[in-house]
Amino acid sequence: MLVGLIRIHSNIYRSLFWFSILQLFKALDMRSPWLNKLSVIFGHRLPVSWLLLCFVSVLALISVFGSSFSNSFDSVTSIPVPEIYTNYRRLKEQAAVDYFELRTISFGASSQRELGLCGKERENYVPCYNVTAYLLLGFKDGEEFDRHCEVSRQGKWCLVRSPKDYKIPLRWPAGRDVIWTGNVKITKDQFLSSGSMTKRMMLLEENQIAFHSEDGLIFDGVKDYSRQVAEMMGLGSDSEFFQAGVRTVLDIGCGFGSFGAHLVSLKLMALCIAAYEATGSQVQLALERGLPAMIGNFISKQLPYPSLSFDMVHCAQCGIVWDKKEGVFLIEVDRLLKPGGYFVLTSPTSKPYGSATGTKNRNMLTPLEQFTEKICWSLIAQQDETFIWQKTADTRCYSSRKQNDVPLCKEGHDAPFYQALMPCITGTSSKRWIPIQNRSSSSHLSSAELEVHGNPEDFFEDLQVWKLALKNYWSLLTPLIFSDHPKRPGDEDPLPPFNIVRNVMDMNAHYGGLNAAFLEEKKSVWVMNVVPVRARNTLPLILDRGFPGVLHDWCEPFPTYPRTYDMLHANGLLSHLASERCGLMDLFVEMDRILRPEGWVVLSDKLGAIELARAHATQIRWDARVIDLQNGSDQRLLICQKPFVRK
């Protein structure tokens with residue numbers, strides 16, 4: 001308590017002196033009566049030297065008294081202070097809070113205006129996607145459906161509002177199978193006309209959509225399909241996917257996430273990608289269920305993942321013509337697959353060769369089969385409408401091919417942030433060329449696998465840091481840290497986390513330490529690990545650890561729908577972006593777009609960056625509190641919660 005009192009008094013003293021200086025300069029207005037009296041003594045023009053003398057005298061007083069308080073404070077803070085905050089009363093004693101409150105008084109709360117709400121037409125707004133505008137700009141051959149942030153114009157800042165009937169999602173595990181219809185944009189006609197396997201798994205009620213993929217009542221359910229795929233791979237059941245080296249799955253055109261939800265129940269990481277859809281979006285519904293998903297498609301650009309990222313790529317009626325454009329889409333799948341990985345294709349146009357239309361369909365599949373041989377894939381199984389290819393684990397296959405086969409890329413061609421699709425094979429010379437069947441059976445990477453990315457001890461230390469940080473964060477996720485936050489009628493003091501946290505976006509993931517800490521603490525949370533494009537590229541390590549991740553430029557909007565994340569976290573991102581071309585307010589408006597109502601934001605950064613961030617948080621109507629880490633550094637935490645604005 002003594003530490004807090006000294007800290008508060010010191011900051012109040014300094015802040016009041018700065019406030020006095022502001023008042024002094026206001027008083028120096030030439031029209032003030034105080035200055036007129038002085039002019040009688042010194043004449044109509046005050047000597048500059050006199051003004052400088054007054055200013056220097058005030059600074060000297062600040063220095064003398066400020067240093068005395070600082071010395072007193074240093075003598076007290078020699079005792080270590082724990083970094084886990086469990087007492088709300090103690091939080092109110094943080095010096096940073098007092099500083100910001102005094103700063104608001106000094107400069108006037110009216111100097112920063114709150115942003116207004118966007119129109120109703122933007123309730124499901126996703127920047128960088130505008131088919132009509134892109135057609136007018138000359139995009140064609142499917143590129144009008146692609147992401148084009150470079151030509152999108154940023155209008156006036158506004159906050160994307162929630163739909164009228166929006167409700168807070170249900171807690172897991174119920175929330176994984178039941179969502180509110182008012183939270184997503186899908187019409188009844190779209191629902192009834194859905195024909196894919198996963199879309200048939202839904203039951204539409206008055207205000208809910210229920211997914212019954214796990215109860216075994218659907219005749220062609222996901223469980224049966226998953227077991228069929230496992231048996232085609234030579235496994236006894238889908239519970240053996242992990243032991244067979246399949247831990248990460250990229251699910252293309254994922255329907256509404258039922259296959260991914262089943263894989264998550266098997267402790268696998270399944271990331272759904274699908275093209276942008278104005279209504280009835282697969283990605284939006286998957287994320288509303290709390291499942292890993294993001295907007296992405298096979299049109300003209302590489303997906304934002306490095307080479308050798310996934311153990312399996314899955315396409316069930318995903319609508320892609322794989323042998324189109326001289327097989328460049330299959331080459332992109334090959335780039336993403338790890339050595340020995342699997343490509344699973346389920347399509348109603350692909351019938352067994354022994355059927356009545358076998359000759360026709362065999363001729364139709366011939367170009368696809370021929371091309372997969374050119375990139376060293378083997379067709380290992382075929383059953384009904386499902387085909388499974390396996391990528392070679394032996395790099396010698398590429399040197400033994402014919403001369404006119406798909407060439408190998410030159411070194412340095414793997415820069416996968418929405419670059420043009422490459423008609424060449426990458427990854428064959430990478431240190432990460434490790435067949436999935438040769439990896440350790442443990443859920444953690446072995447020391448040898450970690451050494452590919454750096455010093456294993458660094459990763460271990462990073463995990464310990466984030467385990468402690470997670471405990472700190474978790475204890476703060478309660479509205480009790482906001483002194484003016486109203487409690488709900490009849491509610492007791494809510495324990496942290498006050499609200500559901502199913503998914504987290506780590507906006508500057510580094511090694512993925514926060515994700516690892518969540519797993520160590522057995523939290524039912526998945527993390528989207530984002531690596532900024534101009535930071536050190538640690539995404540290969542994150543994906544090798546079996547975590548979802550993506551490269552992203554935070555000067556651009558993130559490819560997701562509004563209200564799709566429960567918590568946003570960023571450590572050092574604000575300082576990192578200080579030298580970038582983008583504005584901080586653009587980032588905060590984007591964060592507000594992708595954060596659901598009553599969701600949380602945890603920012604860790606230097607005091608100056610946190611000070612600016614809190615000002616922006618106020619403008620976008622977030623409740624915010626600055627936390628002093630009390631470790632002698634200039635690092636601060638900014639804890640924010642987005643309010644549920646019902647308009």
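Residues are numbered from 1 along each chain as its sequence is written, and side-chain values use heavy atoms, without hydrogens or water. Because the model is predicted, local features need pLDDT of at least 70 and side-chain atom pairs count only at pLDDT 80 or more, while totals for chains, interfaces and linings use all residues.

**View 1. An open sheet of 7 strands with mixed pairing.** The strand order is β13-β12-β11-β14-β15-β17-β16; strands (E, at least two residues) and helices (H or I, at least four) are DSSP runs numbered from the N terminus, and two strands pair if DSSP finds at least two bridges between them. At the edges, β13 (549-552) and β16 (623-628) each pair on one side only. From one strand to the next, the twist averages 20°.

**View 2. The parallel strands β14 and β15.** Residues 565-571 form β14 and residues 595-606 form β15, with 6 bridges joining the two. Opposite Val602 in β15 stands His569.

**View 3. Helix α21 across the sheet strands β15, β16 and β17.** This helix spans residues 607-619 and runs at about 160° to β15. Axes are lines fitted to C-alpha atoms, for helices over the stretch in contact (heavy atoms within 4.5 Å), and angles run from 0 to 180 degrees between N-to-C directions.

**View 4. The contact of helices α20 and α21.** The axes of α20 (residues 584-594) and α21 come within 10 Å and cross at roughly 50°. Leu584, Met585 and Phe588 in α20 meet Leu612, Ala613, His616, Ala617 and Gln619 in α21.
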